[in-house]
Number of protein chains: 2
Amino acid sequence: MKFLLFTFVGVVHLFSLNSGKAIYKNDISQRTFQEVKEEIAHYGDVAKAIINLAVYGIARNRSYERLALLVDTVGPRPSGSKSLEKAIQIMYQNLQEDGLENVHLEPVKIPHWERGEESAVMLEPRIHKIAILGLGSSIGTPPEGITAEVLVVTSFEELQRRAPEARGKIVVYNQPYVNYSKTVQYRVQGAVEAAKVGALASLIRSVASFSIYSPHTGIQEYQDGVPKIPTACITVEDAEMMSRMASRGNRIVIQLKMGAKNYPDVDSFNTVAEIIGSKYPEQVVLVSGHLDSWDVGQGAMDDGGGAFISWEALSLIKDLGLRPKRTLRLVLWTAEEQGGIGGFQYYQLHKANISNYSLVMESDQGTFLPSGLQFTGSEKARAIMEEVMSLLQPVNITQVFRAGEGTDINFWIQAGVPGASLLDDLYKYFSFHHSHGDTMTVMDPKQMNVAAAVWAVVSYVIADMEEMLPRS
Amino acid sequence: MKFLLFTFVGVVHLFSLNSGKAIYKNDISQRTFQEVKEEIAHYGDVAKAIINLAVYGIARNRSYERLALLVDTVGPRPSGSKSLEKAIQIMYQNLQEDGLENVHLEPVKIPHWERGEESAVMLEPRIHKIAILGLGSSIGTPPEGITAEVLVVTSFEELQRRAPEARGKIVVYNQPYVNYSKTVQYRVQGAVEAAKVGALASLIRSVASFSIYSPHTGIQEYQDGVPKIPTACITVEDAEMMSRMASRGNRIVIQLKMGAKNYPDVDSFNTVAEIIGSKYPEQVVLVSGHLDSWDVGQGAMDDGGGAFISWEALSLIKDLGLRPKRTLRLVLWTAEEQGGIGGFQYYQLHKANISNYSLVMESDQGTFLPSGLQFTGSEKARAIMEEVMSLLQPVNITQVFRAGEGTDINFWIQAGVPGASLLDDLYKYFSFHHSHGDTMTVMDPKQMNVAAAVWAVVSYVIADMEEMLPRS
Ligand SMILES: [Zn+2]
Ligand SMILES: [Zn+2]
């Protein structure tokens, strides 16, 4: 019944349909899948103990309370900021005080961009103060600002078609929200494409599933050989309004002022803690989230939640006196928002040991009530993950979806290591993502408890099984 | 079946349960309810024609387009502002050009408050820029601002209990959102209650069902004999954060600067247009919304939508060549947000004619897809309204709820005139209400079409029936 239900998410059941008989084809392991299933089934009591502790026991609400204390104390933690380094120092101390092992910091050079003062005012057809958030890595405007007429487009195609109109203007993108990965191209490439056709600046409709006049920031990328122009996000509301105005033939003029500046790289750290494996200490299951955030809101959701359920996973396992055969390694990444700088540095430093990585996990899409686990790996590994997720039946989160990912773990996944991420309510996530609204108010302690339980069960069982997850 | 379904909203079916036999008890009218039912049933074709024109015909999306043009052109329309007066002049012209009758302006003196520049910064326990919106009628701070420690309370009761702690402080209210009418007491009375215990200013958690770090403004009221202190709304997020900080024993210090100022009253107008009744021109069915708004967003939802579906109701009826027996009067109120100033003035001017008012209608709770009609009136009148609403079966909006209301029509309702309002998705409404997010982006042309159809059918049929709605 469960297996039939699962088919709608596109999962191929190589083993489960004739479980007990099937064996791994071409597998180095001689164990039947039935043996693996039985091994996993033996973790039922451990899974229940983890769930009980996380959801009903003394650890209840702990990850929420820990997170609230950190983000209320240090606030948002942008790459290069004092508050990020303060957060790293606090976490270093927290992890030691929590009794975790091999707590240490791994140095990373990270970008340092600051938005400074910024403002935009519509001067024509009527005076209107426009909410903006400059985009990460954008240059600023001259102190007097850039005052120019606006060209509104809804796509890169329209910009190409109307290229002759763009010269000397501020390009406003009013692209519809399709999904994050598609629509974010406008935020990332908007300035470059506008600059190519001679625009002075670009203002991009926030990449958001829902808006209460909320601008959403994020990284953007310049291209060698293309002039750098200032670029910021505006609200969905203002993008739509300017689109309506333009369609009525109104001339729109905006004055844009941005004090944004890129400073030299600064020293930062990935924060690491472990529960060292009892039998295969050199083998690793990595659980992670990123500690940096954007400079608005509190970075509670992106990615305080992911970082803190990852810590919580180790805390829960330690509190229960468990020690898996493999090493459970917690990494709190730095400068994820700048393009996975911490994650890339970690990969460079540790990739020589790649054959010992059983699973890499990152939670960076919300820690609300999870829909399930996203997973990338061989079909054999997927079948094992499905069995492991069935241990989470008590909290009714058992689904294994496709496409496990995370900016910081993608380096490993692309090199063939199985990868898992937590799938969540993405509509909610992208309502708050990179906005002033990313605060503790979005977070729910009960939901974090469940997310932490999922994270702990998966990481512990995979770290403790007899064999590493099979690769392709 | 329909009647049984209806009982869950608490409607008493004096007549419908034995329809065809029942007569009005003690009624001056000699008609049976069955006769009234039959009369209403004859409007089935008219109702369908209105619905077809509004939802599928050439009038489709008209109220949305008209509204977008107005609010994009003039922006928000606070009481006392040039933009409100500009909007009134535009509407005066619009209504004349639309071919409506007796288009005129009725003078009203209205308050003139401006927020000026305003800001709040948390200085302790960490630097944090706090989003605020000063509340209507609030005084400003001295130019250097008010810098003081914060006392966070979650209720007026807690403020009373901790009164000795409040002196010389800024009181922050972190009251939970229960519903608008309950919770809004904190916005309206918060300053007075804080001033009574010696506070220097008050910051009130926005009265909102949902937040993306969005402050919501609105009117507040000082009391004679109580010192006036500056007062503003903060976001749900910051109120909750300060509550957490206070519960951890953090000392919180805020610097509040508000340039708010009350200016002398200015001249404004209620905007009136009619379709004059063919048989009883002195009798009136009033349809209305308010043209003023707060000074943030576009006032598209509150109450552009209500004003424009009211206009649309008359447009639809006129376009179909219909002329009801009674006069259909459109009123676009001024200065509703200041406490129904325009509505009160209108009542004073017209109450001598109260016996000729069959029904007063106001839409001021959103023009999304309506749940139905809220109605206050005698049970006889309610039974008639239910029959009228059954004409809206084609758009599946037939329910009649209790408690028709509207700031501007309550004067009439309290004096015994039947009153109706449009009931809508209040969670959505209070997500955007009085915030920067009240823009055309919230509005949906298809939903406005349906809302306008409901509004037009109800107002036309009640205006055209043989008899006025019976009163208690
Ligand atoms: Zn993130
Ligand atoms: Zn209103």
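How many bridges join β11(A) to β13(A)? In this predicted model, the two strands are joined by 5 bridges. They run parallel. One pairing can be named: Val287(A) has Met361(A) of β13(A) as its bridge partner.

Strand β13 of chain A spans residues 357–362. Is this strand mostly covered or mostly open? It is mostly covered, with 6 of its 6 residues buried. β13(A) also pairs with strand β16 of chain A, which covers residues 419–423. Here too the sense is parallel, and 3 bridges make the pairing. Within it, Glu362(A) stands opposite Ser421(A) of β16(A).

Ser293(A) counts as buried because its relative accessible area is 1%, under the 20% cut-off. Which residues does Ser293(A) touch, leaving aside those up to four places away in sequence? They are Pro76(A), Arg77(A), Pro78(A), Ser79(A), Gly299(A), Asp302(A) and Glu337(A). With Arg77(A) there is a close polar approach: the backbone nitrogen of Arg77(A) lies 2.8 Å from a polar atom of the Ser293(A) side chain.

The next topic is the contact between the chains. Chain A contributes 31 residues to it, and chain B contributes 31 residues. The size of an interface is often given as the accessible area lost when the parts come together. Between chain A and chain B the buried area is about 2,300 Å². Carbon and sulfur atoms give 60% of this area. Three residues stand out on the chain A side: Asp72(A), Arg126(A) and Ile212(A). They supply 28% of the area that chain A buries against chain B, more than any other three residues.

Salt bridges number 4. One of the side-chain pairs meeting in a salt bridge is Arg244(A) with Asp72(B), at 2.7 Å from N to O.

Which helices of chain A each supply at least two residues to the side that touches chain B? They are α4 (62–74), α9 (236–247) and α14 (426–432). α4(A) gives the most, with 7 residues. By type, the residues on this side of chain A divide into 14 nonpolar, 11 polar and 6 charged.

Technical notes: Residues are numbered from 1 along each chain as its sequence is written. Chains are lettered from A and ligands numbered from 1 in the order in which they are written. This is a predicted model: local features need pLDDT of at least 70, side-chain atom pairs count only at pLDDT 80 or more; totals for chains, interfaces and linings use all residues. Side-chain values use heavy atoms; hydrogens and water are left out. Contact means heavy atoms within 4.5 Å. Buried area is the accessible area (1.4 Å probe) that two parts lose on being put together, summed over both. Helices (H or I, at least four residues) and strands (E, at least two) are DSSP runs, numbered from the N terminus. Ala, Val, Leu, Ile, Met, Phe, Trp, Tyr, Cys and Pro count as nonpolar, Asp, Glu, Lys and Arg as charged, and the others, Gly among them, as polar. Buried means under 20% relative accessible area, exposed over 50%, partly exposed in between (1.4 Å probe, protein chains only). A polar contact is a pair of N or O atoms within 3.5 Å; within protein, one must be able to donate a hydrogen and the other to accept it, and residues adjacent in sequence count only if both atoms are side-chain atoms. Two strands pair if DSSP finds at least two bridges between them.
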